[in-house]
Amino acid sequence: MLDTVVLFAAGFGTRMGALTRDRPKPLIEVAGQPLIDHALELVEAAGVPNRVANLHYKAEMLAAHLQPRGVKLSLESPQILDTGGGLKAALPLTGPGPLFTMNTDVIWSGPNPLDLLRAAWQPDSMDALLMCVPLENTIGRKAPGDFALDRAGKITRGGDLVYGGLQILKTQDVARHDETVFSLNAIWDVLAARGRLFGAVYPGRWCDIGHPEGIRLAEALLSEPHV
């Protein structure tokens, strides 16, 4: 049962410049509310009851914001652990997988991506399912795409699909990984080699809040009517 989400909220947000000097990036406001609250609204609407967030930079501010909402906290100290290491450290709070992992610095416009991903999940054939966005439907994305999909939905690197920062993942390989600090890219490479890494394509639009200009772009996107 997909009843758990891990919200990635530990990063320094250095590309945001002065905006993250006095607060962690997930607490930067977009359209009048913190970025992480936009993610939590999607989580709540999708009915995912067990919510865990990893914290590092200005962790006390995020803890004060998240604890009243019933979010469990995984504090990374003294060092930040990257996405894979952060998920591994949070596993005692998640229960057995599979689970969602979700970046908290993006804005989605369209159908709830968690609902779509859950509907596309096929655990017999998949160990991970990544929500991807066609490059032409992204806003604030400066890099090229990340992935391509074959006819069966299997992912390969390179192509015009951007990873949207949301996936369903079985956690066994994360738990067994030898390193403490590592990226989820290392896990994806293992799963791809097994033929167990898949992608789904998001039909709406998506904005990356990777730099201060992304706030204005995201607010403009949120002001548009959903098609």
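A helix axis here is a line fitted to the C-alpha atoms over the stretch in contact, and angles run from 0 to 180 degrees between N-to-C directions. Keep that handy for this tour of a predicted model.

**Stop 1: two helices.** Select helix H1 (35-45) and helix H2 (residues 59-66). The axes of H1 and H2 come within 12 Å and cross at roughly 40°. That angle makes H1 oblique to H2, and the crossing is right-handed. Now show side chains: on the H1 side you'll find Ile 36, Asp 37 and Leu 40, which meet Leu 62, His 65 and Leu 66 of H2.

**Stop 2: around H2.** Which residues of H2 are buried? Colour Ala 59, Leu 62, Ala 63 and Leu 66 to see them. They sit on the same side of H2, because they cover an arc of only 105° around the axis. A handy bit of background: an α-helix has 3.6 residues a turn, so residues three or four places apart point the same way. Then go back and look at what covers the buried residues: H1 is part of the cover, and so are strand E4 (50-55) and strand E5 (72-75).

**Stop 3: a sheet.** Next, select E7, E14 and E9, an open sheet of three strands in that order, with mixed pairing. Strand E7 (106-109) and strand E9 (138-139) are the edges, each pairing on one side only. Zoom in on E9 and strand E14 (residues 205-208): they run parallel, joined by two bridges. Click Thr 138 and you'll find its bridge partner in E14, Trp 206.

Note on methods: Residues numbered from 1 in each chain as written. Predicted model: local features only at pLDDT ≥ 70, side-chain atom pairs only at ≥ 80, totals over all residues. Heavy atoms only, no water. Buried < 20%, exposed > 50% of the residue type's maximum accessible area, 1.4 Å probe, protein only. Helix = DSSP H or I, 4+ residues; strand = E, 2+ residues; numbered from the N terminus. Arc of directions from axis to C-beta. Contact = heavy atoms within 4.5 Å. Pairing = 2+ DSSP bridges. Parallel < 35°, antiparallel > 145°, perpendicular 65-115°, else oblique. Left-handed = near helix turned anticlockwise from the far one by under 90°.
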